[in-house]
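This report is a first guide to one protein chain. Please look through the sequence and the structure before reading on.

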Amino acid sequence: MSFIENEFSIHKSHQVNTSIDAGQFAGSTELILITDHRTNKCRNRQQIIVNEKSENYCRNYMRKIFRKKTLYKRLPILQWLPKYSRRDAIGDLIAGITVGLTVIPQGLAYSNVAGLPTQFGLYGSFMGCFVYVLLGTCKDSTVGSTAVASLLTYQVAKGKWERAVLLTFLTGFIEIFMSIFRLGFLVDFVSGPVSAGFTSAVAMIVSTSQIKNILGVQSEGSSFLQRWISMLNDIKNIRVNDAILGICCVVMLLGMRTLGKLKIGPEAQDEQNWKHKCVNKILWFMGVMRNAMLVIVCTAVTMYLESQGKHYFKLTGNVPEGLPSIALPPFSIAPRPANESYGVPEIKGETFFEMIENLGYGLIIVPMIAMLENISACKAFGKITVRTMKIFYFFIIYFQFSAKGKPIDATQELLAIGMANVANSLFQGYRANSGLARSAVNNASGVRTPLANLYIGLVVMLALVYLAKYFYYIPLSVLGAIIISAVIFQVQYHVIKPMWRSKRSDLLLSFLAFMACLVMPLEIGILVAIGVNLLFILYHAARPKIMLETMQSVDELKFLKITPDRCLIFPSAEFVRNLILKSGCQSSLPVVIDCTYIYGSDYTAAKVISSIVDDFKSRQHKIIFFNLKPSIAQIFEGLNAQLILCYNVDSLSYELKNHNGYEDNSGNNKITNTIAVIKKDERFLNINS
């Protein structure tokens, strides 16, 4: 059933025996547009009256900001802290200590991915947690080093800690400004296929960056291909002991991960006895604490071997004890000469503007990707259960879920992460995001409120103060194994089949994003993928689907109905113009443009519509616009286009009768509302027309 038939059925119950009036049924644009203008004028006049009666605008704005509702919204701790209970405290304490012991080996490992000294991974893992306690909205989210943030830091900062800290400081402020101006909608420009390709590429690049630690070979270059070429060229210098230890650690971590998912006894917890519950809890604990347990065991063994004078493995090296001093991030890099005795290369000095120039696109890309990672993690745990989260574990970036729980305030999350990174930069920390894997551990540990981040930060601080001297003995192959076993599951191979069955062009887009991020620097690759994705969107906008139907009524009033399926804007204007003119030249029937789905337009489209109307007028060929929204009609008439507008079946029938020379001879000048519209011929034009 066409829209005109629907329109008739709607108006039938409201319009009976309406008298004929040329001014009413001729589709006068004045009536529609003046009504629309009067509505706007009325609103404007009412607004003026309200503004005249209101107080000073700035005073009202400040009063709105500092009202109680806004304060509770921007300081979420005020919402849950008054309701805090002893049960909440126990749950947060257990979860905080558990996640804290997981964050320590992860921070040490991810600093290697970022190309920074080992301690910087921990410097960025405690202050952000403290800030998130005050500003965070998601109880499961934790702030710390992630694979995505570390890899982006490496590719943008090029391994210089001064640039990395400045990047953290500036991107934190950018995120704060994004939250103030509510720019969270920018994540909508990164589609699911692009996210899947980007995430898979990150997993491959991060894994490649750690293979050098497992094999003990040299790896240089910023791209995936360059690293593999460098490692293959140096494969003759492989360290057998490190390779064996690294491979064994990867196997053990994967096995312990699988072991942590095993459960014995009945599935329902109510039917399990105390032995089943105890064993299941032990298995779960082994799965969650696998990284910390492996580091402790391997470090103890290495310490014993080193004491015996047996240097089998390549070690992490010296890690400064104590907390970093609070200071502003470096706004310049002082030149330092080379020291050949210690193998220290020469460092060239950089001014602030040179540092900004070297950071380049990273200042925009890093906050965008961080926003995707943070919001997706919050949505995952804010709206689904733990079991369902495991199913979607691989979708680390930008995944939408049905709202079953508390909705996530994206603006507040941007503010929280931005403030957290500014605080991290004051303690020489690099980028910190909300990681999905770490948040999963937090959720599974029984976290109750964001206060668990306080205990996570305290655990990291205690490790820096009391355990830093033992970090020297951690083999690099163990840290590499921890990263590889964590990111290998982020390769989203499982989305290939659904995309193939759903829309194959999305699979092509995902593959393009994957290859672009592998071959080119990560920030350039994601820009290229987003650009190609936008080109896909623009192409579809430029080639709308259009329905052509030859229709007639019981009065044998024939017309050609043309129905575009989307808005009429500059990419599609010329395509639609050629189609309408071609259809109009091939038929002498009046043309009716069904504008039901034209919800937007612009100046270019208005020029095209004006030329179409002039062309039809010169050939004495009637063209009617049916159901054109008044706001769109105003755009078209801005170029003095003489449009014939119809908004119901009666006015359309009147215009068609005028075109065919019919006159209504009924005594009381009334027209019946029983026009049965019948399709006679139908053609469907797709984008390949």
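What follows describes the chain as a whole, then its confidence, its salt bridges, and some surface and backbone features.

**Overall picture**

The model is predicted. Its protein chain holds 689 residues, of which 51% count as buried. The secondary structure comes to 30 helices and 8 strands. The accessible surface of the chain is about 34,200 Å², and 61% of that surface belongs to carbon and sulfur atoms. Among contacts between residues at least 6 apart in sequence, 78% join residues at least 24 apart.

**Confidence**

The chain averages a pLDDT of 78, and 80% of the residues score at least 70. Over residues 1–54, however, the pLDDT is below 50, and this stretch has 78 contacts in the model beyond near neighbours in sequence. Residues 383–405 also stay under 50, with 58 contacts beyond four places in sequence. Where pLDDT is low, the predicted coordinates should not be read in detail.

**Annotated spans**

An unreviewed UniProt entry carries the annotation "transmembrane region" for several spans, among them residues 89–108 and 474–495. In the model, residues 89–108 are 100% helix and 0% strand, and the end C-alpha atoms of this span are 28 Å apart. Residues 474–495 are 55% helix and 0% strand, with end C-alpha atoms 37 Å apart.

**Salt bridges**

How many salt bridges does the model contain? The count comes to 12. The table gives some of these pairs.

| Salt bridge | Closest N and O atoms |
|---|---|
| Arg-431 with Glu-175 | 3.3 Å |
| Asp-594 with Lys-561 | 3.6 Å |
| Glu-655 with Lys-622 | 2.9 Å |

The salt bridge between Arg-431 and Glu-175 has its closest N and O atoms 3.3 Å apart. Arg-431 lies in the loop between α20 (410–425) and β2 (433–434), while Glu-175 lies in helix α11 (residues 161–180), so the pair ties together parts that are 256 residues apart in sequence. Buried means under 20% relative accessible area. Arg-431, at 1% relative accessibility, therefore counts as buried. Glu-175, at 0%, counts as buried too.

Asp-594 and Lys-561 form a salt bridge between two strands. Asp-594 is in strand β5 (residues 591–594) and Lys-561 is in strand β4 (residues 558–564), so this pair ties together parts that are 33 residues apart in sequence. Asp-594 is buried, with a relative accessible area of 1%, and Lys-561 is buried, with 2%.

Glu-655 forms a salt bridge with Lys-622. Glu-655 sits in helix α30 (residues 649–660), and Lys-622 sits in the loop between α28 (603–618) and β6 (623–626), so the parts tied together are 33 residues apart in sequence. Both Glu-655 and Lys-622 are buried.

Salt bridges also link Lys-160, Arg-163 and Glu-350 in a network.

**Surface features**

Which residues make the nonpolar surface patch of about 550 Å²? The patch is made by Leu-323, Leu-462, Val-465, Tyr-466, Leu-467 and Tyr-470. Of these, Tyr-466 is placed in helix α22 (residues 452–467). Exposed means over 50% relative accessible area, and Tyr-466, at 56%, therefore counts as exposed.

Another tyrosine, Tyr-493, is found in the loop between α23 (476–487) and α24 (496–502). Is Tyr-493 buried or exposed? Tyr-493 is exposed, because its relative accessible area is 57%. The C-alpha atoms of Tyr-493 and Gly-197 are separated by 9.5 Å, although the two residues are 296 residues apart along the chain.

**Backbone angles**

Most residues other than glycine have a negative phi. Gln-428 has a positive phi of about 65 degrees although it is not a glycine. This residue is found in the loop between α20 and β2. Gln-428 is partly exposed, with a relative accessible area of 24%.

Gln-620 also has a positive phi, near 55 degrees. Its place is the loop between α28 and β6. At 71% relative accessibility, Gln-620 counts as exposed.

Definitions and conventions:
Residues are numbered from 1 along each chain as its sequence is written. This is a predicted model: local features need pLDDT of at least 70, side-chain atom pairs count only at pLDDT 80 or more; totals for chains, interfaces and linings use all residues. Side-chain values use heavy atoms; hydrogens and water are left out. Patches are made of residues with over 30% relative accessible area and no salt bridge: like charges are joined within 9 Å, nonpolar side chains (Val, Leu, Ile, Met, Phe, Trp, Tyr) within 5 Å. Accessible areas come from the Shrake-Rupley method with a 1.4 Å probe; for residues, only the protein chains shown count as cover. A salt bridge is a side-chain nitrogen of Lys or Arg within 4 Å of a carboxyl oxygen of Asp or Glu. Helices (H or I, at least four residues) and strands (E, at least two) are DSSP runs, numbered from the N terminus. Buried means under 20% relative accessible area, exposed over 50%, partly exposed in between (1.4 Å probe, protein chains only). pLDDT is the predictor's confidence in each residue, from 0 to 100. Contact means heavy atoms within 4.5 Å. UniProt positions are given in the numbering used here, feature names are shortened, and annotations may be inferred rather than shown by experiment.
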